[in-house]
Amino acid sequence: MMRTVGRSHGQKVALYIAAGLIALIWLIPFLGVFMASIRPLSEINRGWWKFDSFTPTFKNFIGAWNHPASPISKGMLNSLKVAIPATIVPVLVASIAAYGFARFKFRGRDPLFILVVALMTLPQQMIAVPMFQMMNKIGAVDSYLGLILVHSAWGIPWTLFFMRNYFMALPIEVEEAARVDGASDWRIFFQIIMPMALPAIASAAVLQFMWVWSDFFLALILIYSPSKLLATQRVPLLRGVYHVDWGILAAGSIIVMAVPIIVFAVMQRYYIRGMVGWVSK
Amino acid sequence: MGQARGRALFFVPALALLAIFVVYPVINTVWLSFFTPEGEFALLKNYADVLSEPEMFDSRGFERGFPYGALIHNVIWIVLHLPLTVMLGLVFAVILRDVKGGAIVKSIVFLGMVTPMVVGGIILRFLFDGNVGIVPSVLALFGFTPRTLTAYPDTALFSLIAGSLWLWTPFSMVLYSAGLETIPDFVYEAAVIDGASPWRIFFNITVPLLRPVTGVVITMTFLWVLKIFDIVFVATMGGPGGASNVLALQMYMYAFRQFNPNAAAVVATFLMIVALVVSIPTFKAAGGEE
């Protein structure tokens with residue numbers, strides 16, 4: 001590689017040492033949690049990095065999964081019930097609108113687009129109080145429907161921004177040919193544009209799913225029945241009463257974390273493209 | 001006419017959801033922020049009152065140490081986090097581009113990015129725990145008495161900041177890695193032929209060419225720190241004694257623990273204004289590409 005040609009041997013060695021240090025520092029926290037999750041509390045208390053006695057066990061995972069006060073299994077199911085619709089709705093709705101912003105010309109389009117994009121920067125704290133009051137009034141507090149709708153609305157600005165940029169980059173000729181043949185806007189969108197945009201839709205969906213899955217704040221405000229708590233709300237409840245049960249806490253953490261990590265591993269390409277959507281035009 | 005109406009339907013679902021669940025609550029929050037808890041219309045006086053509460057700004061902190069109030073804690077957080085995020089992200093991206101196996105290390109670093117922040121908070125608490133955490137044990141090798149770093153006023157906030165760096169650096173690294181790929185090889189080739197040292201190449205070519213990426217990293221990091229909530233809630237709950245309290249958490253406390261929606265609205269609106277101001281350059285970049 002050309003870029004490394006100018007480097008002396010010593011500099012290359014230094015680079016590898018630095019890379020190793022980075023890997024070590026970033027790995028240790030995860031390694032610690034993993035070790036805590038597969039070892040009995042007595043061994044964790046002596047330091048998870050000590051291996052003079054090492055008895056791997058699956059008990060912590062079972063304990064977290066079937067936790068008497070707050071089973072993670074139920075939380076996983078609940079989180080899926082929220083995250084799947086809260087991914088499909090905004091991605092679909094925002095893609096449709098994004099196509100409109102990319103292709104239809106009308107007065108006030110660009111200011112409206114900028115307004116929608118500006119909503120992206122809002123902190124969730126900005127909607128918390130009125131959202132709670134509104135849901136309370138219509139009896140949707142502590143219901144998944146309310147939470148799904150809020151997540152859907154909240155995911156729209158980013159998805160719309162991302163999809164609109166993607167649509168703008170698509171060649172317009174195919175659409176024009178279809179239009180000449182008499183196809184309607186909706187037909188063009190669903191039969192020509194959507195199939196072409198599948199990679200972008202995958203990126204948007206992956207990111208939205210991860211955000212909803214990882215969300216804590218909105219769930220904390222809107223969902224409070226013990227049986228309805230989502231996965232992220234349950235993890236802190238595994239702490240234990242008289243002492244911190246690190247094994248169970250670590251196992252629960254790993255279970256909840258596994259979902260985004262698996263999604264990332266499978267969809268890495270799309271995830272990174274979505275993230276980088278910020279810088280690339 | 002029929003076409004225009006059909007086309008309007010493309011926008012209706014998205015804009016309706018935004019109007020009901022985002023725009024209306026935002027306006028409502030701004031409105032609430034102008035009223036005192038007694039229902040009096042106070043406009044900006046309310047802001048002055050809330051922002052000078054000790055949980056927001058505690059001038060006694062400057063004599064006795066933490067807590068300084070959520071506002072100052074967020075400032076400390078940003079002042080430490082921003083330069084470190086930029087530096088670490090850039091340096092990691094360059095190092096890991098140039099070593100074999102860099103992609104694997106990147107994936108490890110990236111784990112932080114896909115970790116739910118709640119889990120991040122638990123991991124932090126575990127890392128810094130006086131009995132079972134590795135950080136106090138390593139510090140003990142240097143003569144420090146092991147203690148739970150998140151439980152002491154003088155170290156709680158800094159522990160959280162270190163943890164948030166660990167969780168957020170991947171974002172900056174990924175953006176810089178993508179940015180590096182856009183720099184064509186011939187630029188480097190020319191520099192090498194001219195006999196430029198790696199340091200000069202880094203500071204005179206790589207850094208300036210990545211300036212647009214740095215802009216995005218700074219904005220996004222700023223927004224991320226402003227909104228930081230989960231890891232604080234889980235790891236310290238803002239404690240001990242408010243020593244690691246932050247604005248987003250204080251907003252939650254006002255709204256849902258002290259049942260003072262007006263004070264909560266003030267904090268939220270304040271966060272929003274700062275967020276909007278910080279992201280103006282990014283909007284300009286996004287809007288200016290028609």
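1. A quick convention before the packing: a crossing is left-handed if the near helix is turned anticlockwise from the far one by less than a right angle, and right-handed if clockwise. By that rule, helix 6 of chain A crosses helix 12 of chain A in a right-handed way.

2. Keep in mind that this is a predicted model, where local features need pLDDT of at least 70, side-chain atom pairs count only at pLDDT 80 or more, and totals for chains, interfaces and linings use all residues. Residues are numbered from 1 along each chain as its sequence is written, with chains lettered from A and ligands numbered from 1 in the order in which they are written.

3. On geometry, the axes of helix 6 (residues 85-103) of chain A and helix 12 (residues 198-214) of chain A come within 9 Å and cross at roughly 140°. Axes here are lines fitted to C-alpha atoms, for helices over the stretch in contact, with angles from 0 to 180 degrees between N-to-C directions. Helices are DSSP runs (H or I, at least four residues), numbered from the N terminus.

4. Now for helix 9 (residues 144-169) of chain A: its axis and that of helix 12 of chain A come within 10 Å and cross at roughly 155°. Helix 9 of chain A and helix 12 of chain A are therefore roughly antiparallel (over 145 degrees). This crossing is right-handed.

5. Who touches whom? In helix 9 of chain A, His151(A), Gly155(A), Thr159(A), Phe162(A), Met163(A) and Tyr166(A) meet Ala200(A), Ala204(A), Gln208(A), Trp211(A) and Val212(A) of helix 12 of chain A; contact means C-beta atoms, placed from the backbone, within 7 Å.

Conventions:
Helix = DSSP H or I, 4+ residues; strand = E, 2+ residues; numbered from the N terminus. Parallel < 35°, antiparallel > 145°, perpendicular 65-115°, else oblique. Contact = placed C-beta atoms within 7 Å.
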